[in-house]
Amino acid sequence: MKVRIEPSGHEFETAPGETLLEAALREGFHLPYSCRNGACGTCKGRIVSGDVRHEPYEAKALSEAEKAAGMALFCRAVPEGSVVVEAREIGVARDIVIKTMPCRVVRMEKLAPDVMRLFLKLPQNERLLFLAGQYIDILLKDGRRRGFSIANAPSADEFLELHIRHVPGGLFSGHVFGAMQERALLRFEGPLGTFFLREDTEKPVILMAAGTGFAPIKAIVEQTLTTDSERPLYLYWGGRTRADLYLHDLALDWAARYPRIRYTAVLSRPTPEDHWEGRTGYVQDAIAADWPDLSGFEVYGSGPPRMIEAAKGALAQKGLPADAFYYDAFEHAKDPVLLP
């Protein structure tokens, strides 16, 4: 099946049963995507002409109204003939090679009662070329995958750093917190995703994280510190309680050392034991309250889909252009109920 991307005019072919996204990546055309399993909606694009059928996906990622208007989830859309799609291509990602590699857990550090930091060592003389903000899929023995953002900057690649939240009943996170030991061997595929800082502009940047969505934001901040960039960074990190801000002191240190970085922490459900005197509420609402005009900004958000969806509406009302909002929407490890 032949596929043409508009407005670039690039063309490629899909194999039988292959999704639009799978074929595009195989042929070196990088379209926006994140979860690759029909849950987040990042890869949503328009079918200009032709027909596609969808593999199972989550209803929140593509509404019936969007589907009727010609929108599709490229990670789940299989063409039924030649098609023309409308999508933004991401040129800088073309130099990134997706690999399947082994690694060894060399250090485990509990950052909070329910957050573990893993440091993964690649085989000797191997390095992973990635962009700050991308993620890897841990490949489980039963064929399932669990995606985790890389929390270190590409310039500090001796280890890959992951932040893993313990999900009750979670297959992989339960193993991490209950049985995994240092020197354990894992396999992963990556780097994946198109969540990374665009560097073709000097617009000020708002970085928005919730919970372990801080991991890719941390990588982005640390990567900018290795360059001569003067772009202002406004970091907002939200959690329910103080324990969710598991590297709060690190973010405070960035703000203290670098004048172009400002940090705002926001708690939605602080407990009396937290003795919290900072901002309360939801992180996206804090941003909207602080910035009445976002027309000249870029926003990068990482966290659960409900936060991302709420932020889209709240920040659009403040003038943020839709194409200036980049996000990594993720659910913690679970096997979702999918729709045909």
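How many bridges join strand 1 to strand 7, and do they run parallel or antiparallel? Four bridges join them, and the two strands run parallel. Before I go on, some ground rules. This is a predicted model, where local features need pLDDT of at least 70, side-chain atom pairs count only at pLDDT 80 or more, and totals for chains, interfaces and linings use all residues. Residues are numbered from 1 along each chain as its sequence is written, and side-chain values use heavy atoms, with hydrogens and water left out.

Now two terms. Helices (H or I, at least four residues) and strands (E, at least two) are DSSP runs, numbered from the N terminus. Two strands pair if DSSP finds at least two bridges between them.

Back to strand 7, residues 83-86. Ile 5 stands opposite Val 85 in this strand. Strand 7 also pairs with strand 3, residues 44-49. That pairing is antiparallel, over three bridges. There, Arg 46 stands opposite Glu 86.

Next, strand 8, residues 99-112. Strand 8 pairs with strand 13, residues 185-192, in the antiparallel sense over six bridges. Pro 102 stands opposite Arg 187 there. Strand 8 is also joined to strand 9, residues 115-121, by seven bridges. Those two run antiparallel as well. A hairpin through two residues connects strand 8 to strand 9. Look for Val 105: its bridge partner in strand 9 is Leu 120.

Stay in strand 9 and find Phe 119. What sits over its ring? The charged end of Arg 107 does, 4.0 Å from the ring centre. The rule for that: NZ of Lys or CZ of Arg must be within 6 Å of the ring centre and within 35 degrees of the ring normal. Arg 198 does likewise over the ring of Phe 196, at 4.2 Å from the centre.

Is Phe 119 buried or exposed? Phe 119 is buried, because its relative accessible area is 10%. Buried means under 20% relative accessible area, exposed over 50%, and partly exposed in between, with a 1.4 Å probe and protein chains only. One distance for you: the C-alpha atoms of Phe 119 and Val 266 are separated by 28 Å, and these residues are 147 apart along the chain.

On to aromatic pairs. Rings of Phe, Tyr and Trp (its six-membered ring) pair if their centres lie within 6.5 Å; planes under 30 degrees apart count as stacked, over 60 as edge-to-face, and the rest as tilted. By this rule there are 13 aromatic pairs. One of them is Phe 148 with Phe 172, a tilted pair at 5.6 Å centre to centre, with 45° between the planes. This pair links distant parts of the chain. Phe 148 is in strand 11, residues 145-149, Phe 172 is in helix 3, residues 171-178, and they are 24 residues apart. Phe 148 counts as buried because its relative accessible area is 12%. Phe 172 counts as buried too, because its value is 4%. Elsewhere, Phe 214, Trp 237, Tyr 246 and Trp 254 form one aromatic cluster.

Now the backbone. Which peptide bonds are cis? One runs from Glu 6 to Pro 7, with omega near 10°. Pro 7 lies in the loop between strand 1 and strand 2. Another joins Gly 190 and Pro 191, with omega about 0°. Pro 191 lies in strand 13.

Check phi next. Asn 125 is not a glycine, yet its phi is positive, about 70°. Asn 125 sits in the loop between strand 9 and strand 10. Asn 125 counts as exposed because its relative accessibility is 76%. Arg 183 also has a positive phi, near 85°. Its place is the loop between helix 3 and strand 13. Arg 183 is exposed, with a relative accessible area of 58%.

Tyr 33, Ser 34, Gly 133, Gln 134, Tyr 135, Leu 192, Gly 193, Thr 194, Phe 195 and Asp 328 line the second largest cavity.

Note on methods:
1 Å grid on protein atoms, 1.4 Å probe; cavity = no way out; pocket = protein on both sides within 12 Å on 5 of 7 lines; lining within 4 Å.
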